[in-house]
Amino acid sequence: VELEPAAALYRISLLRLLVIYRQDALEAEVPSDPQLELQQQAREHARRVSATVHPQDGGGHMILGTAFRSLGDLDRACRHFAMAADVRENRVPAMLELGFCQQQAGKSGEARKTLGNLHAEYPDDPEVCNSYGYFLAELGEDLELAEKLVKQALAVDPVNGAYLDSLGWVYYQMGRYEEAFDYLVEAANARGEDPVILEHLGRTLQR
């Protein structure tokens, strides 16, 4: 990057490494001095890359979206995920990230529209079905639709820990705690290192 400061590819590659290996530092809300310095560097790299990255560089926009999201700049993150979604091969992962980013930014209506549109485009994609179903469960809305969507994902991959967790969480939101418990135990057995699954299981046990 120092040798070729105008080469977007090098800055994107550096940002990708930072996002993969130093995400904890980028996301630190009360950063130490080294973390703060890293955040400032990453923010400057992302700012400079965003001005030069090609509109059709879907991978580059995905990295930029992830970097800005880690740095707490959700508006810029959403903008880059939306640009990545315009590139066909990035469509599904970019739209999913866009929906999650909109939700994180408190724009639940926009997030629901994004995920709903994606499901209309890819009605048989299990990841899309699960993500949309889990999103509805998080909102506590249209839980019957959420159950249907997650069950559709599980029909394709019945041992997927994330999908099992989603259905368990749907049942938790429905107040069907015994059923939620059964699915969340399966999810924890499949992905016992996932703190979200363990939180869901703990809350279900409390109920």
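Reader: How many nonpolar, polar and charged residues are in the lining of the largest pocket?

Author: Rolling a probe the size of a water molecule over the atoms shows where empty space is left. In this predicted model, the lining of the largest pocket holds 8 nonpolar, 5 polar and 7 charged residues. The space in the largest pocket comes to about 690 Å³. Its lining counts 20 residues, with R69, F100, S131, Y134 and V196 the closest to the centre.

Reader: Which helix gives the largest share of that lining?

Author: Helix 6 does, with 7 residues. At least two lining residues come from each of helix 6 (91-104), helix 8 (126-139), helix 10 (161-174) and helix 12 (195-206).

Reader: Which residues touch the most other members of the largest nonpolar core?

Author: In soluble globular proteins, nonpolar side chains tend to be buried together. Here the largest nonpolar core has 57 residues, and L15, L26 and L64 touch the most other members. Leaving aside residues up to four places away in sequence, L64 is in contact with L15, A46, V49, S50, V53 and H80.

Reader: How many disulfides are there?

Author: A disulfide is a covalent bond between the sulfur atoms of two cysteines. The count in this model is 0 disulfides.

Reader: Is C78 buried or exposed?

Author: C78 is buried, at 11% relative accessibility. C129 also counts as buried, with a relative accessible area of 0%.

Methods
Residues are numbered from 1 along each chain as its sequence is written. This is a predicted model: local features need pLDDT of at least 70, side-chain atom pairs count only at pLDDT 80 or more; totals for chains, interfaces and linings use all residues. Side-chain values use heavy atoms; hydrogens and water are left out. A nonpolar core is a set of buried Ala, Val, Leu, Ile, Met, Phe, Trp, Tyr and Cys residues joined through side-chain atoms within 4.5 Å. Buried means under 20% relative accessible area, exposed over 50%, partly exposed in between (1.4 Å probe, protein chains only). Contact means heavy atoms within 4.5 Å. A disulfide is a pair of cysteine sulfur atoms within 2.5 Å. On a 1 Å grid over the protein atoms alone, a cavity is a set of points where a 1.4 Å probe fits but cannot get out, and a pocket is an open set with protein on both sides within 12 Å along at least five of seven lines; lining residues have an atom within 4 Å of a point. Grid points are joined across faces, edges and corners, and a volume is the space filled by probe spheres set on the points. Helices (H or I, at least four residues) and strands (E, at least two) are DSSP runs, numbered from the N terminus. Ala, Val, Leu, Ile, Met, Phe, Trp, Tyr, Cys and Pro count as nonpolar, Asp, Glu, Lys and Arg as charged, and the others, Gly among them, as polar.
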